Amino acid sequence: MNPLLPFLMAGDPSLEALPAQLSEARSLGIEALELGLPHSDPIADGPVLQAAAHRAIGRGATPVRVLQTLAGLTDSPDLILFTYLNPLLQIGAERLKTLLAPTPVKALLVVDLPFGEEPAFEADLRTAGYPMVPLLAPTTTLSRARQVLAERPDPGPAAPFAQRFAYVVARLGVTGAGQDTDLAPVSERVSHLRNISSRPLAVGFGLADAASLAAVRTMGATPVIGSALVRELAGGESLSGCLIPLMDGDL
Amino acid sequence: MADAFTLPTRFGAESLGGCYAPETLMQPLLDLEAAFRSALADPAFQAELKAELRHFVGRPTPLTVAPRLAAELGFKALYLKREDLTHTGAHKINNALAQALLARRMGKTEIIAETGAGQHGVATAAACARLGLACTVYMGVTDMARQAPNVARMRLFGTKVVPVEAGQGTLKEAVNEALRGWAGRCDQAHYILGSALGPHPFPTLVRTFQTVIGEEARAQALEQAGALPEAVIACAGGGSNGLGLLVPFLGDGLRRLAVEAGGHGRALGEHAARLDGGRMGVLHGCKTLLLQDEHGHTAETASISAGLDYPALGPELAALAMDGLVEVRRASDEEALAGARLLCEREGILPALESSHALAALPALAAEGVATVLLGLSGRGDKDLSTYQSRLEI
Ligand SMILES: Cc1ncc(COP(=O)(O)O)c(C=O)c1O
């Protein structure tokens, strides 16, 4: 099982630092990493990631520049591009595929794109090797979860984790380190989801410390660490300094 | 629990609208559509809504002839649909009250709303006080300063007003924060969106609850003047009063116009004129004409009127415009101020800055030879007195 899925905001602290950060993550054994594409109106993000996105935009981390920075990187975990739809729509599917081709991006997590809203765009990208990560929220009923997982199918065990996993949203609300997110409900949801799917699951939103990450691992799922990591990094901490204590020694 | 939408989610040849929502909000939106359809089909809900619109809101609102303004501008006749005379002073109450009734029917105990000019916030606060629902309204800090009387009114009604500091501190940021707030409380709260925008079913729901404006106005025109006017005109922020007035006239052979905020210039960032300044994009859950930069980031906007100061045109109004069924114009800050002054001086009516944008488009219509016009006076201008005082030097 993949023990940790970290999230970084591209361009925060800087785009120049990104290749080294990714290579550092890989040297730590990180298999896959969510990379946030900074957006002006991140409606599903809490204050930490909003601030990170705005800092990054202020420093010139436009969507195209982010993708150009990733071009040619081989020393990187598999990347899941975490983004909102509009910047991708403005780039357009054709140009997006060209921009993505030389990068380590393996999948897209488009927060405001439910299945069925842009079927042609989504199918085009999936065929090109960029499937959309299925999201399962606390409000997603089991019958809707079946629909979501069928619309965004598992490419199978030969595919990398980045293209296979489903993202289980731990709690209601937006991204951000919550105060003591109660993990009992999500643990129950994970076990229900296990009954309908055998694909890998990641659990994120509100996880901030080694104990909550460990609790997610005991569910057999991969914990996502986002806002808490972005905040530490913004405070000047190194990626290794942040991640090593969270790895639980089993990497 | 509903597992698919059954109403159309898209508008026009360009398929605008849709439901571009985070997964957390999908089931709440599916359930909202189902509740909306069941309420519409329920005579008891319809009767309750009708009674509240009559006895609490004060409907029907008058259709007032404006002969001195008509003479000044060169019209044969000018009619004003007086949404400014509703309880709380703008058309926003039609939608806010109806959605509050719907929320109560859904068993929700809490309401979340955004507001720009504060009229939707005040209307929602009043409806919640009346129905005994807890209410939280998100409002940008710039708008809180320029629409201060409405902040006080919301607080008097027991609503919690949450200041939004981000960005320009206007309506866009308030909607961002309301969507975030709703995602955290969607198991118990209903989000009363204030304009015909956002993810499906909101654009349809809001338009449905606002068409009472045009239905009344059309019947009143026929009754009072014996004929329909040559043109019907409203201002357009997200598009709720515009659709509310114009949609019931879609089958008629007349001109339908909506007026956007021209702000103080034509460059991106200086206005909120989405029809010629915008490109197709997705913001706040719907695909529509959007003011944005080349990266797909939402552009800044500017308008003297908080209620029109928003980067996206509601999807249904944008579709009607792109399909040639509604003409969209723009009026600058200065033109809106002049329009407001003229209505005050000639008819003794103080319009909201939003509504003044529709007034500002009248001279051009007269110059084009239009003789009879029906104008949607969406709200009253008490909230804007401090702006009028400083900008009109009174
Ligand atoms: C009086 C008044 N008119 C018009 C508007 C614009 O909104 P819409 O386009 O949804 O009618 C507002 C919004 O706050 C308003 O307060």
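This is a short tour of a predicted model, with stops to select in your viewer.

**Stop 1: where the chains meet**

Show chain A and chain B together. At their interface, 36 residues of chain B are in contact with 37 residues of chain A. About 2,800 Å² is buried between the two chains. Carbon and sulfur atoms give 53% of that area.

Now select B:Glu23, B:Arg180 and B:His297. In chain B, these three lose the most area to chain A. Together they make up 26% of what that side buries.

**Stop 2: charges across the interface**

Side chains of opposite charge can pair when their charged atoms come close. How many salt bridges cross the interface of chain B and chain A? The rule finds 4.

**Stop 3: the chain B side**

Colour the elements of chain B that touch chain A. Those giving two or more residues are helix 1 (23-40), helix 8 (171-185), strand 11 (279-283) and strand 12 (286-290). Which element of chain B gives the most? Helix 8 does, with 7 residues. Next, colour this side of chain B by residue type. You will find 15 nonpolar, 12 polar and 9 charged residues.

**Stop 4: two helices in chain A**

Select helix 3 (residues 63-70) and helix 5 (residues 93-100) of chain A. Their axes come within 9 Å and cross at roughly 30°. Angles under 35 degrees count as roughly parallel, so helix 3 of chain A is roughly parallel to helix 5 of chain A.

Show the side chains at the contact. Helix 3 of chain A supplies A:Val64, A:Leu67 and A:Gln68. Helix 5 of chain A supplies A:Arg95, A:Leu96, A:Leu99 and A:Leu100. The residues of this contact divide into 5 nonpolar, 1 polar and 1 charged.

**Stop 5: a salt bridge within chain A**

Select A:Arg26 and A:Asp75. They form a salt bridge, with the closest N and O atoms 3.0 Å apart. A:Arg26 lies in helix 1 of chain A, while A:Asp75 lies in the loop between helix 3 and strand 3 (78-83) of chain A, so the pair ties together parts that are 49 residues apart in sequence. Over all chains, a search of the whole structure finds 41 salt bridges.

**Stop 6**

Most residues other than glycine have a negative phi, and most peptide bonds are trans. Now look at three exceptions.

- Select A:Asp12 and A:Pro13. The peptide bond between them is cis, with omega near 10°. A:Pro13 sits in the loop between strand 1 (5-9) and helix 1 (18-27) of chain A.
- Bring chain B back and select B:Arg59 and B:Pro60. Their peptide bond is cis too, with omega near 0°. Look for B:Pro60 in the loop between helix 2 (43-57) and strand 3 (63-65) of chain B.
- Finish at A:Phe205. Phi here is near 95°, a positive value in a residue other than glycine. A:Phe205 is in the loop between strand 7 (201-204) and helix 10 (210-218) of chain A.

How values were computed
Residues are numbered from 1 along each chain as its sequence is written. Chains are lettered from A and ligands numbered from 1 in the order in which they are written. This is a predicted model: local features need pLDDT of at least 70, side-chain atom pairs count only at pLDDT 80 or more; totals for chains, interfaces and linings use all residues. Side-chain values use heavy atoms; hydrogens and water are left out. Axes are lines fitted to C-alpha atoms, for helices over the stretch in contact, and angles run from 0 to 180 degrees between N-to-C directions. Helices (H or I, at least four residues) and strands (E, at least two) are DSSP runs, numbered from the N terminus. Angles under 35 degrees count as roughly parallel, over 145 as roughly antiparallel, 65 to 115 as roughly perpendicular and the rest as oblique. Contact means heavy atoms within 4.5 Å. Ala, Val, Leu, Ile, Met, Phe, Trp, Tyr, Cys and Pro count as nonpolar, Asp, Glu, Lys and Arg as charged, and the others, Gly among them, as polar. Buried area is the accessible area (1.4 Å probe) that two parts lose on being put together, summed over both. A salt bridge is a side-chain nitrogen of Lys or Arg within 4 Å of a carboxyl oxygen of Asp or Glu.
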